[in-house]
Amino acid sequence: MEEDSKPGVDLSTLLISLLKRVLYRDDDERQWAALLNLQSGVRDYVAIVNLDLVLDEAEGYAFLKSRPDPADDDPAPRLPRLVARRQLPFAVSLLLALLRKRLAEFDAGGGDTRLVMTRDEIVDLVRLFLPDGPNEARLIDQIETSINKVVDLGFLQKLKSASGTSAGLATYEVKRILKAFVDAQWLSEFDARLGAYQFQLTGSSNATERVNDE
């Protein structure tokens with residue numbers, strides 16, 4: 001049966017949208033329905049430019065990613081990457097890992113599908129793994145810089161709040177697309193990785209021992 005979509009959402013529109021951003025079902029249900037109908041055409045087209053469509057119907061998101069590079073012994077040519085790789089700062093990588101673990105714990109508890117955290121909750125999540133210093137305000141600023149970067153990357157969404165609320169009560173939704181970038185296998189090794197994270201951040205094994213004692 002020939003694929004079709006609702007009027008106003010065609011293949012070109014979907015391709016342009018996917019090349020610009022992540023598509024979420026909750027943001028535009030009409031466009032999401034069109035993507036489900038036209039996904040074969042989307043996959044065929046983006047394959048030409050060495051991209052894959054990642055579509056998670058259960059979680060309600062879709063995005064494009066570069067195909068893996070061929071192995072060293074593979075004679076296939078290495079094509080230029082349309083989607084550039086990003087080297088993330090260490091503190092941002094740590095925050096992403098901690099949010100991914102928190103999302104897994106949240107899912108294990110059942111109930112709501114949206115994980116919402118305050119700024120203070122995110123700060124408390126991270127500060128245990130950062131070296132202690134005399135300037136508390138500077139430490140908070142460093143964590144907030146990482147939070148803003150994760151927002152820019154699309155893994156956190158700052159929610160609108162009532163006027164007059166304090167900065168500490170700012171709230172963020174942890175976007176479920178994070179699960180596609182930090183997979184279950186990586187998460188299973190998380191505890192061991194945290195020890196390495198702390199050692200790198202503090203330059204001392206004492207920090208790791210302090211956490212293990214708590």
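I take a residue as exposed when its relative accessible area is over 50%, and as buried when that area is under 20%. What I am reading is a predicted model, and I kept that in mind throughout these entries.

**Entry 1, helix H1.** I began with helix H1, which spans residues 11-20, and looked up which of its residues are buried: Leu14, Leu15, Ser17 and Leu18. Looking down the axis of H1, I found that these buried residues fall within an arc of 165°, so they line one face of the helix. On the other side of H1, I noted Ile16, Leu19 and Lys20 as exposed. I then asked myself what the buried residues of H1 pack against. The partners I listed are strand S1 (23-24), helix H2 (29-48), strand S2 (51-56) and strand S3 (61-66).

Setting aside neighbours within four places in sequence, I found Gln31 in contact with Val9, Thr13, Leu14, Ser17, Arg21 and Leu23.

I traced an open sheet of three strands, ordered S4-S6-S5 and paired antiparallel. Strand S4 (115-118) and strand S5 (156-158) stand at the edges with a single partner strand each, so one side of each has no neighbour in the sheet. On average, neighbouring strands in this sheet are turned by 30° against each other, if direction is ignored. For the pairing of S5 with strand S6 (residues 171-174), I noted three bridges in the antiparallel sense, and I found Gln157 opposite Glu173 in S6. Two helices lie across S4, S5 and S6: helix H3 (residues 90-108), which runs at about 125° to S4, and helix H4 (residues 119-127), which runs at about 85° to S4.

Lastly I looked up how H4 packs with helix H5 (residues 136-153), and found an angle of about 105° with the axes 10 Å apart. Angles of 65 to 115 degrees count as roughly perpendicular, and H4 and H5 are therefore roughly perpendicular to each other. From H4, the residues that I listed at this contact are Arg119, Ile122, Val123, Val126 and Arg127, which meet Glu136, Leu139, Ile140, Ile143, Glu144 and Ile147 in H5. I sorted the residues of this contact into seven nonpolar, no polar and four charged.

How values were computed: Residues numbered from 1 in each chain as written. Predicted model: local features only at pLDDT ≥ 70, side-chain atom pairs only at ≥ 80, totals over all residues. Heavy atoms only, no water. Buried < 20%, exposed > 50% of the residue type's maximum accessible area, 1.4 Å probe, protein only. Helix = DSSP H or I, 4+ residues; strand = E, 2+ residues; numbered from the N terminus. Arc of directions from axis to C-beta. Contact = heavy atoms within 4.5 Å. Pairing = 2+ DSSP bridges. Axes fitted to C-alpha atoms, helices over the stretch in contact; angles between N-to-C directions. Parallel < 35°, antiparallel > 145°, perpendicular 65-115°, else oblique. Nonpolar A, V, L, I, M, F, W, Y, C, P; charged D, E, K, R; others polar.
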